[in-house]
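Could you open the model and keep it beside you while you read? My comments are below, grouped by region.

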Amino acid sequence: MAETILVIEDDVELAELIRLFLERRGFQVVLAFNGTEGWQRFQEGQPDLVILDLMLPDIDGLEVCRRIRGVSTVPVLILTARTAVEERVEGLKLGADDYMVKPFAMEELLARIEAHLRRVRLPPPGKRVYWRFGEGALLIDPQYPRVILNGEERLLTETEHRLLCYLAERAGQTLTPEQIARDVWPDGSVDPQNIKWYIWRLRQRIEPDPEQPRFLLTERGFGYRFALG
């Protein structure tokens with residue numbers, strides 16, 4: 001059964017382009033052109049992912065995001081024409097999973113959608129499943145502390161594995177050191193300023209060339225992003 005994506009976007013032309021692009025790739029797409037309609041469509045159905053514009057003509061995107069997070073954990077990908085870091089941070093604090101700044105490439109949108117849907121898909125019972133990145137160059141075992149990099153198995157510590165799974169589950173999303181410290185070490189045992197050391201150590205395990213990382217990227221002035229490779 002095709003996965004359903006709800007697109008809440010007041011730019012009708014852009015919304016239709018997204019719909020056509022995603023439908024050609026097997027998704028079912030529902031459109032809404034303002035916040036009120038978007039919230040209504042969300043309540044009527046159960047979309048697998050929401051693409052949400054922030055600048056809507058009535059209820060703004062942040063309020064729609066707040067309402068969605070009050071009742072669901074469905075992935076929410078924010079679209080914004082603004083580049084202000086504060087606005088993106090506010091969206092992430094409200095529970096959005098990712099954001100993209102307009103204009104954007106449709107292929108990148110598809111890659112991010114797939115990354116978030118992969119996180120919520122349930123694996124078949126009894127079958128070992130690897131998370132694949134870089135067209136299979138990096139395989140992550142979500143159940144056991146190891147990765148397979150270019151066919152070579154590398155063991156991880158439990159802490160490295162927990163951090164890696166957290167980042168990989170949010171592939172494409174830029175995460176602040178504060179977010180990482182809070183979510184991976186909820187007991188408050190790690191200072192956000194020390195996250196860069198953990199990132200450095202993890203790169204030694206999973207990167208073909210840690211000095212020029214392919215998967216675990218630094219977004220200067222904001223945080224870290226796990227790339228699809």
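The points that follow go through the sheet, its helices, a pocket, the hairpins and some backbone details.

1. Ground rules. This is a predicted model, where local features need pLDDT of at least 70, side-chain atom pairs count only at pLDDT 80 or more, and totals for chains, interfaces and linings use all residues. Residues are numbered from 1 along each chain as its sequence is written, and side-chain values use heavy atoms, with hydrogens and water left out.

2. The open sheet. Five strands make it up, paired in parallel in the order S2-S1-S3-S4-S5. Helices (H or I, at least four residues) and strands (E, at least two) are DSSP runs, numbered from the N terminus, and two strands pair if DSSP finds at least two bridges between them. At the edges sit S2 (28–32) and S5 (98–101), each pairing on one side only. From one strand to the next the twist averages 20 degrees. Angles here run from 0 to 180 degrees between N-to-C directions, and axes are lines fitted to C-alpha atoms, for helices over the stretch in contact.

3. A closer look at S1 and S2. S1 (residues 4–8) pairs with S2 in the parallel sense over five bridges.

4. H2 (residues 35–44) lies across S1, S2 and S3 (49–53), at about 145 degrees to S2. H5 (residues 106–120) lies across S1, S3, S4 (76–80) and S5, running at about 180 degrees to S5.

5. H1 against H5. H1 (residues 12–23) packs on H5 at about 65 degrees, with the axes 11 Å apart. The H1 side of the contact (heavy atoms within 4.5 Å) is Leu14, Leu17, Ile18, Phe21 and Leu22, while H5 brings Met106, Glu107, Leu109, Leu110 and Ile113. By class that is nine nonpolar, no polar and one charged. The classes are: Ala, Val, Leu, Ile, Met, Phe, Trp, Tyr, Cys and Pro nonpolar; Asp, Glu, Lys and Arg charged; the others, Gly among them, polar.

6. The second largest pocket. What lines it? There are 16 lining residues, and the closest to the centre are Leu92, Gln173, Gln179, Arg182 and Asp183. A pocket is an open set of points on a 1 Å grid over the protein atoms alone, where a 1.4 Å probe fits, with protein on both sides within 12 Å along at least five of seven lines; lining residues have an atom within 4 Å of a point. The space in this pocket is about 280 Å³, a volume being the space filled by probe spheres set on the points, which are joined across faces, edges and corners. H4 (85–93) and H7 (177–184) are the elements giving two or more residues to the lining, and H7 gives the most, with four. The lining splits into six nonpolar, four polar and six charged residues.

7. Two hairpins. S8 (residues 146–149) and S9 (residues 152–155) are antiparallel over four bridges, with valine 147 opposite arginine 154. Two residues sit between these strands, and asparagine 150 has a positive phi near 50 degrees. S11 (residues 216–219) and S12 (residues 223–226) are also antiparallel over four bridges, with leucine 216 opposite phenylalanine 226. Three residues separate S11 and S12, and glycine 221 takes a positive phi near 85 degrees.

8. The lysine 102 to proline 103 peptide bond is cis, with omega near -10 degrees, and proline 103 is in the loop between S5 and H5. Glutamate 135, a residue other than glycine, has a positive phi near 55 degrees; glutamate 135 lies in the loop between S6 (131–133) and S7 (138–140).
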